[in-house]
Amino acid sequence: MADHDTPILQGLFHGGIHPAEHKEATSGRPIRELGVPEVLHVPLSQHIGNPAQAVVQPGDRVRKGDLIAKPDGFVSVPVHAPTSGTVTAVADYPAPHPSGLSAPAVTLEADGRDEWTDLEPHPDFEALQPGEIRALVRQAGIVGLGGAGFPSFIKLNPGPDRAVDTVILNGGESEPYLTCDDRLMRERPAEILEGGSIIAYTVGAERIVVGIEANKPEAFAAMREAAAEWPMVDVVMVENRYPMGAEKQLIQTITGREVPSGRLPADVGVVNQNVGTAYAICRALVHGEPLVERVLTASGAALAEPANLVVRLGTPIEEVARACGGYTDLGRLIMGGPLVGSALHTTEAPVVKETNGLIFQTCAEVDGDQALPCIRCGACVDACPVNLMPNEMYNLARNKEFERIADYDLFDCIECGCCTYVCPSHLPLVHYYRYAKSEIQAKEREKEKADIARRRTESRDARLQREKEEKEAKRRAKKKASAKEEESKGESGDAREAAARKAAEKRRSMRGEETAAEDSTAADSGELPPESDQQEPK
């Protein structure tokens with residue numbers, strides 16, 4: 001434990017638990033390199049967001065660090081070759097997922113040379129703009145190595161309306177069994193702080209705080225010694241209480257700031273990164289290395305020789321177990337910690353960026369207690385670090401009342417497993433919450449699709465109506481123009497007829513006058529007798 005002179009920050013969050021740690025098996029074991037296996041299966045989905053898209057084909061030769069898959073969309077990062085060799089397949093392969101399904105992966109046959117591609121280091125990172133650093137972090141394929149797998153370049157962009165003053169490097173590692181972050185802080189503290197300084201420069205923070213749980217005194221001492229050369233760095237020891245390693249809980253404990261529901265740490269001026277992520281960012285900027293390997297803990301009673309290992313991404317879990325002396329009486333394999341990790345169906349699945357732990361539990365360790373009805377004891381409510389009502393949420397999820405469960409802030413649940421751990425009825429509460437979340441998200445996606453279809457239909461109907469009205473308007477305008485033309489023609493015809501009649505009348509009038517004049521001349525000349533002198537014939 002910590003020295004008596006070292007103050008321990010008490011957790012400011014509600015609830016929490018103190019599970020059996022099971023860290024003694026690996027906390028004293030230094031990190032060692034796992035050799036490159038003959039064949040690696042590198043999944044294209046190793047992060048939250050869209051899977052990367054393969055840019056290689058069978059037969060292509062690649063070097064260590066070469067791009068083998070490009071990002072697909074904004075929330076996505078590339079994937080790189082973990083070693084040099086030849087691509088033998090781009091096809092589905094068993095994924096490290098509790099579903100047991102397969103997913104697209106690049107299969108690489110190692111050539112044994114482990115030859116790096118051409119690297120572009122940027123040791124003087126302050127000569128770069130923050131946007132350039134974010135681009136380099138993304139190009140390196142770095143994601144949160146604490147297990148979440150969220151693309152790091154997005155967290156390094158808090159936005160112009162969020163002023164970040166503090167970067168927290170999360171060394172809590174409160175999950176049982178896991179010690180990879182503990183060993184990383186003991187063995188490579190300077191590179192972790194270098195990565196932290198890159199993060200602080202990128203987000204504009206003036207302060208770096210390293211938070212370490214009280215059960216890691218050696219890591220605390222190593223980080224504090226390294227921090228003596230960094231005036232902007234504080235190393236603090238926090239209470240050993242699960243889930244202290246959770247982002248919002250650690251922020252509240254260190255800064256006293258509570259991240260509101262539905263908001264981000266950057267909204268309270270904080271950016272939080274795992275110490276392993278900071279180390280990877282240092283390797284990416286200072287050495288130009290993309291993320292092709294990670295440190296993980298392999299432990300559990302079924303494993304012969306638990307260890308902390310540097311493992312290439314895409315290494316089959318069976319290879320990791322073989323490097324640890326193999327396993328016996330395997331009852332359950334967990335990727336991650338036992339409280340928030342995922343149970344896997346096969347050791348064929350490969351190590352990925354989110355694999356911070358592989359726990360090989362014996363059949364005796366697997367809890368086989370049958371789930372019983374909820375007795376409404378309230379233990380889950382007392383343990384919840386987010387102040388939720390797990391028992392009510394369980395009942396609503398079980399009865400598929402998804403509209404009502406949203407009123408209980410379901411999506412504030414961090415799925416830490418505290419409620420499941422303390423439940424005397426052995427109810428798999430977190431599984432119900434995950435189920436409810438997935439159903440709600442599926443309904444929202446369907447609603448979004450329906451809204452898009454409705455908007456498209458309305459847009460189409462409006463366009464058709466507009467075209468119809470335009471055609472009708474053109475028809476009316478044409479008819480009106482024709483009517484005016486006919487009217488104009490009619491008026492012209494009447495005028496011509498009137499003129500013709502007038503001309504005819506004038507001609508007739510003129511002819512009548514001429515006739516009268518001729519008659520008058522004839523009468524005067526005697527050619528014609530006056531009418532009064534003419535005698536009727538007898």
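**Reading the labels in a predicted model**

Q: Why is Lys471 called exposed?
A: This model is predicted. Lys471 has a relative accessibility of 60%. The label exposed requires over 50%. Lys471 therefore counts as exposed.

Q: Where does Lys471 lie, and how far is Lys471 from Met232?
A: Lys471 lies in helix H13, residues 429-525. Lys471 and Met232 are 239 residues apart in sequence. In space they are 72 Å apart, C-alpha to C-alpha.

Q: What makes S10 and S11 a pair?
A: Two strands pair if there are at least two bridges between them. Strand S10 (residues 166-171) and strand S11 (residues 207-213) are joined by 6 bridges. They therefore pair, and they run parallel. Ile168 stands opposite Val209 in S11.

Q: Which strands stand at the edges of the sheet, and why?
A: The open sheet has 5 strands in the order S1-S12-S11-S10-S13, with parallel pairing. Strand S1 (8-9) and strand S13 (270-274) each have a single partner strand, so one side of each lacks a neighbour in the sheet. That puts S1 and S13 at the edges.

Q: What does helix H4 touch in the sheet?
A: Helix H4 (residues 189-203) packs on the sheet and touches S10, S11, S12 and S13. Its direction makes about 150° with that of S10.

Q: How do you know that the buried residues of H1 are on the same side?
A: In helix H1 (residues 130-139), the buried residues are Ile133, Arg134 and Val137. They cover an arc of only 100° around the axis, so they sit on the same side of H1. Their cover includes helix H2 (152-155), H4 and helix H7 (275-286).

Methods. Residues are numbered from 1 along each chain as its sequence is written. This is a predicted model: local features need pLDDT of at least 70, side-chain atom pairs count only at pLDDT 80 or more; totals for chains, interfaces and linings use all residues. Side-chain values use heavy atoms; hydrogens and water are left out. Helices (H or I, at least four residues) and strands (E, at least two) are DSSP runs, numbered from the N terminus. Contact means heavy atoms within 4.5 Å. Axes are lines fitted to C-alpha atoms, for helices over the stretch in contact, and angles run from 0 to 180 degrees between N-to-C directions. Buried means under 20% relative accessible area, exposed over 50%, partly exposed in between (1.4 Å probe, protein chains only). The arc is that of the directions from the helix axis to the C-beta atoms.
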